[in-house]
Amino acid sequence: MGSYPGVPSRRPASAEPAEPFFHLTGVRYLTMYVVDLDGIIERGVACGGRVQRGPVDVGSGVRVAVLQDPDGNAIEVVDGAS
């Protein structure tokens with residue numbers, strides 16, 4: 001098996017997710033760019049999801065929130081990014 005830049009040579013040790021997803025190793029979420037962050041949050045919560053973090057203003061009119069769907073998957077939602 002070859003070596004690839006940015007890819008660990010061995011699998012990280014398994015860990016129970018005691019901390020939020022962003023404290024763990026590996027890809028844990030999907031980022032979606034949207035136009036109506038508040039509307040997305042409202043609809044996500046109405047469908048059984050929850051707000052895990054945010055929304056947060058990160059500058060230049062860009063706002064970010066992390067939602068968790070009913071199955072525990074994290075989705076970062078970004079509004080205002082070009």
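**Entry 1, strand pairing.** I began in the sheet, where Arg-53 stands opposite Val-66 in S3. Also in S3, I found Leu-67 as the bridge partner of Val-51. I note that the model is predicted, with pLDDT of at least 70 needed for local features and 80 or more for side-chain atom pairs, while totals for chains, interfaces and linings use all residues. Residues are numbered from 1 along each chain as its sequence is written, and side-chain values use heavy atoms, without hydrogens and water.

S2 and S3 pair in the antiparallel sense over six bridges; I count two strands as paired if DSSP finds at least two bridges between them. Strands (E, at least two residues) and helices (H or I, at least four) are DSSP runs, numbered from the N terminus.

**Entry 2, the sheet.** I read the strand order as S1-S4-S3-S2, an open sheet of four strands with mixed pairing. S1 and S2 are the edge strands, each pairing on one side only. From one strand to the next the twist averages 20 degrees. H1 lies across S1, S2, S3 and S4 and runs at about 10 degrees to S3. For such angles, axes are lines fitted to C-alpha atoms (for helices over the stretch in contact), and values run from 0 to 180 degrees between N-to-C directions; contact means heavy atoms within 4.5 Å.

I looked up the peptide bond from Gly-54 to Pro-55, which is cis with omega near 0 degrees. Pro-55 is placed in strand S2. Ser-60 is in the loop between S2 and S3, a hairpin with two residues between the strands. Ser-60 is not a glycine, yet its phi is positive, about 50 degrees. Is Ser-60 buried or exposed? Ser-60 counts as exposed because its relative accessibility is 79% (exposed is over 50%, buried under 20%, partly exposed in between; 1.4 Å probe, protein chains only).

I used a 1 Å grid over the protein atoms alone; a pocket is an open set of points with protein on both sides within 12 Å along at least five of seven lines, and lining residues have an atom within 4 Å of a point. The second largest pocket holds about 180 Å³ of space, the volume being that filled by probe spheres set on the points, joined across faces, edges and corners. Of its 15 lining residues, Ile-40, Gly-44, Leu-67, Ile-75 and Val-77 lie nearest the centre. H1 gives the largest share of the lining, three residues.

Notes. 1 Å grid on protein atoms, 1.4 Å probe; cavity = no way out; pocket = protein on both sides within 12 Å on 5 of 7 lines; lining within 4 Å.
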